[in-house]
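Subject: Structure handover

Hello,

Here is the structure we talked about. Please open it alongside this message, and then read on for what turned up.

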Amino acid sequence: MSVRATEPYDDSNVFARILRGEIPCKRVFEDGFALAFHDIHARAPVHVLVIPKGRYVSSADFLARASEGEIAGFFRAVGQVARELGLETTGYRMLANTGSDAHQEVPHFHVHLFGGRALGPMLVEPM
Ligand code: AMP
């Protein structure tokens, strides 16, 4: 079931549980704004998820409600994770699925970071 970008936040979602330490993750980075960990179903040699510490359902929710400090802190953390993973030399892709057309599955805003190989075209499906 895909997420509606504007649905109420569900505290039982898997990333909320990871933030509370109820479910383990393979952590690569953490600061006051963000937690980054390896995706359980990696689609590239490097596939890391970066999530904000706050309760935001989607990128739409985050960008509408988060403070300037949270937004800046979060995206700086995304950049730091990419740099620390060594992705800046060969490049990487940032992706945030938002809502049903994008097949967002977990209703806590997250950015995917993909790298470690040539990633191919941006979208598979033709228009
Ligand atoms: P999305 O479709 O953008 O909502 O992507 C959700 C991502 O979360 C998928 O790539 C899943 O493989 C990943 N995922 C789901 N549960 C876990 C988990 N427990 N630990 C790490 N990644 C997860």
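Start with helix 3, where G73, F74, A77, V78, G79, V81 and A82 are buried. Please keep in mind that this is a predicted model.

**Helix 3 and the cores**

Helix 3 has 17 residues. From first C-alpha to last, the helix reaches 24 Å, close to the 24 Å expected at 1.5 Å a residue. An α-helix has 3.6 residues a turn, so residues three or four places apart point the same way. After helix 3 comes G86, with a positive phi near 75°.

Next, the largest nonpolar core. It holds 18 residues. V48, V50, F74, V81 and L113 have the most contacts inside it. Four elements each supply at least two residues of this core: strand 2 (34-38), strand 3 (46-52), helix 3 (68-84) and strand 5 (111-115). Helix 3 gives the largest share, five residues.

Which residues does F74 contact, leaving aside its neighbours within four places in sequence? They are F33, A34, V50, I51, P52, F62, F109 and V111.

**The ligand**

There are 17 residues around the ligand. D39, R43, E105, H110 and H112 come nearest.

- I40: a polar backbone atom is 3.1 Å from a nitrogen atom of the ligand.
- N97: a polar side-chain atom lies 2.9 Å from an oxygen atom of the ligand.
- V106: a backbone N or O atom lies 3.0 Å from an oxygen atom of the ligand.

Taken alone, the ligand exposes 510 Å². The protein buries 86% of that.

E105 is in the loop between strand 4 (92-95) and strand 5. Is E105 buried or exposed? Its relative accessible area is 63%, over the 50% cut-off, so E105 is exposed. E105 and N13 are 92 residues apart along the chain, and their C-alpha atoms are separated by 9.9 Å.

H112 sits in strand 5. Its relative accessibility is 9%, under the 20% cut-off, so H112 counts as buried. The side chain of H112 makes a polar contact with the side chain of H47, at 2.8 Å. Not counting residues up to four places away in sequence, H112 touches D39, H47, V48, L49, R93, M94, L95 and N97.

H103 lies in the loop between strand 4 and strand 5. H103 has a positive phi of about 60° although it is not a glycine. Most residues other than glycine have a negative phi. At 57% relative accessibility, over the 50% cut-off, H103 therefore counts as exposed.

P107 is found in that loop too. Its relative accessible area is 12%, which is under 20%, so P107 is buried. What does P107 touch, not counting residues up to four places away in sequence? The list is V3, E7, Y9, N13, Y56 and V57. P107 and Y9 are 98 residues apart along the chain, yet their C-alpha atoms are separated by 7.2 Å.

H108 also has its place in the loop between strand 4 and strand 5. At 0% relative accessibility, H108 counts as buried. H108 and A16 are 92 residues apart in sequence, and 7.2 Å apart in space, C-alpha to C-alpha. Beyond four places in sequence, H108 touches Y9, N13, F15, A16, L19, I51, P52, G54, Y56 and V57.

Another is the backbone oxygen of G54, which the side chain of H108 reaches at 3.5 Å.

Best wishes

Definitions and conventions. Residues are numbered from 1 along each chain as its sequence is written. This is a predicted model: local features need pLDDT of at least 70, side-chain atom pairs count only at pLDDT 80 or more; totals for chains, interfaces and linings use all residues. Side-chain values use heavy atoms; hydrogens and water are left out. A nonpolar core is a set of buried Ala, Val, Leu, Ile, Met, Phe, Trp, Tyr and Cys residues joined through side-chain atoms within 4.5 Å. Buried means under 20% relative accessible area, exposed over 50%, partly exposed in between (1.4 Å probe, protein chains only). Contact means heavy atoms within 4.5 Å. A residue is near a molecule or strand if one of its heavy atoms lies within 4 Å of it. A polar contact is a pair of N or O atoms within 3.5 Å; within protein, one must be able to donate a hydrogen and the other to accept it, and residues adjacent in sequence count only if both atoms are side-chain atoms. Accessible areas come from the Shrake-Rupley method with a 1.4 Å probe; for residues, only the protein chains shown count as cover. The expected span of a helix is 1.5 Å times one less than its number of residues.
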